Amino acid sequence: MASVLDRLAPIVQDPYLPAREAKAKGMSVVAISPMHFPEELIHAAGALPVILQESNEPVTDGFGHIYPFYCGFSRSNVDWAVKGKLGLFDAVVISDVCLQLRHMGHIMRRNMPKTPFLYIQWPLEASVARWLSFSVEQLGRLRTRLEQITGHTITDDALQNSIALFNRHRDLLQRVYDIRQQKPGVLRAKDMVNVVLTGMVMPKEEHISLLEELIPELEKKEPSADGKVKLFTSGHYCQAVKTDILDLMEDLGGVVVGDDLYTGRRYFATQMPTGVPPIESMARRYLELKVPCPTRYDPKQEWGRYVAEASPQSGAKGLVTMVVKFCEPHMIYYPFLRDVLNGAGVPHLMIETEHEVVSLEGTRTRLQAFIEMLSA
């Protein structure tokens with residue numbers, strides 16, 4: 001029987017394969033832009049939530065509709081919208097977390113006139129006291145719109161069941177992450193990313209079953225990173241890292257033991273709280289994220305200090321922060337992050353990534369020098 005990773009490979013190559021299969025069964029499919037919208041709200045409506053992904057294709061037609069100095073994620077999704085490749089979705093939810101995603105949503109809507117677009121404005125300050133009622137109101141409004149689009153009433157019982165299911169999914173992803181940290185080398189960095197990515201687009205019930213198979217597989221394996229330099233990877237808020245870069249890190253003598261990537265711990269670190277009404281639970285999760293994010297102000301924890309502490313706590317000797325080219329939140333924040341890491345004595349390397357990968361030789365040289373420095 002093929003391993004779990006082998007069975008996930010077709011979805012890694014074609015992330016919207018599960019969406020097409022769900023549509024063929026008569027199921028509604030709703031796309032979500034990264035990073036914070038509660039998938040449970042869509043699941044409770046009897047629909048499949050699918051987080052939008054960056055394609056592997058070069059952007060062509062999209063350049064006639066979006067600025068070339070927007071991030072690769074927004075350019076890629078506009079390109080696919082213009083080409084009619086996102087018409088399988090019954091609705092698209094856009095979270096207003098940055099200027100580029102907001103504009104991406106507007107451009108996609110103009111080029112997908114038959115598809116309903118739903119917008120949510122998240123508060124920029126992570127304060128329960130100040131913004132809980134506002135967030136509950138926003139989610140309640142979208143709950144009504146999703147009921148209209150899917151034709152299903154979203155009951156509180158259905159929401160509670162979805163929350164329990166998704167919390168189980170997060171638990172299992174956290175277990176995979178912990179095993180990777182405790183037994184370096186049992187799961188390559190690209191495989192960790194791919195496990196999380198497939199969980200963003202597959203029915204959670206199916207992905208949970210696969211994770212329940214994968215965890216015993218990993219628990220039986222022995223660490224295989226003797227002599228390798230432990231690394232922590234950070235950045236990439238909206239899209240998966242190009243696996244070529246992750247492979248370079250580990251082929252050059254490193255081994256990734258921790259991260260705060262979106263297709264990584266950022267996605268599953270925060271459970272949906274229980275014991276409160278389900279819509280309030282969803283609002284509280286956003287306002288109480290365990291992994292802070294530069295797209296909002298968190299008075300309780302600051303992202304730079306979080307990274308400076310999380311990297312050594314994972315056992316890493318150094319940190320590689322990957323800045324998506326033209327990602328405003330990260331580019332504006334990076335100088336402060338660099339100063340915090342320097343002040344904390346955390347060795348780090350910044351790599352700028354782009355949608356179109358031309359050559360990795362410069363990246364190879366810098367990574368090799370960084371890993372050699374850490375191993376000296």
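**Figure 1. Lining of the second largest pocket in the predicted model.** The lining residues divide by class into eight nonpolar, two polar and four charged. The pocket itself holds about 220 Å³ of space. In total, 14 residues line this pocket. Nearest its centre lie Val97, Cys98, Leu99, Thr295 and Pro329. Two helices, α5 (99-111) and α14 (328-344), are the elements that give two or more residues to this lining. Of these, α14 provides the largest share, with four residues.

**Figure 2. The second largest cavity, with α5 and α14 in its lining.** This cavity has a volume of about 120 Å³. It is lined by 14 residues. Closest to the centre are Cys71, Cys98, Cys238, Cys327 and Pro329. Both α5 and α14 supply at least two residues of the cavity lining. By class, the lining has nine nonpolar, four polar and one charged residues. Cys98 and Pro329 are also among the residues nearest the centre of the second largest pocket.

**Figure 3. The largest pocket, lined by 25 residues.** About 640 Å³ of space lies in this pocket. Val12, Gln13, Asn56, Asn194 and Leu197 are the lining residues closest to its centre. Three helices each supply at least two lining residues: α1 (4-13), α8 (189-201) and α10 (243-251). The most comes from α1, which gives five residues. Sorted by class, the lining of the largest pocket counts eleven nonpolar residues, seven polar and seven charged.

**Figure 4. The largest cavity and the residues around its centre.** Around it stand 20 lining residues. Met35, His36, Tyr262, Tyr267 and Arg285 lie nearest the cavity centre. Helices α3 (39-43) and α11 (265-268) each contribute at least two residues to the lining. Eleven lining residues are nonpolar, three are polar and six are charged.

**Figure 5. Cavities across the whole structure.** A search of the whole predicted model finds five cavities of 30 Å³ or more. One charged residue belongs to the lining of the second largest cavity, and six belong to that of the largest cavity.

How values were computed:
Residues numbered from 1 in each chain as written. Predicted model: local features only at pLDDT ≥ 70, side-chain atom pairs only at ≥ 80, totals over all residues. Heavy atoms only, no water. 1 Å grid on protein atoms, 1.4 Å probe; cavity = no way out; pocket = protein on both sides within 12 Å on 5 of 7 lines; lining within 4 Å. Points joined across faces, edges and corners; volume = space filled by probe spheres on them. Nonpolar A, V, L, I, M, F, W, Y, C, P; charged D, E, K, R; others polar.
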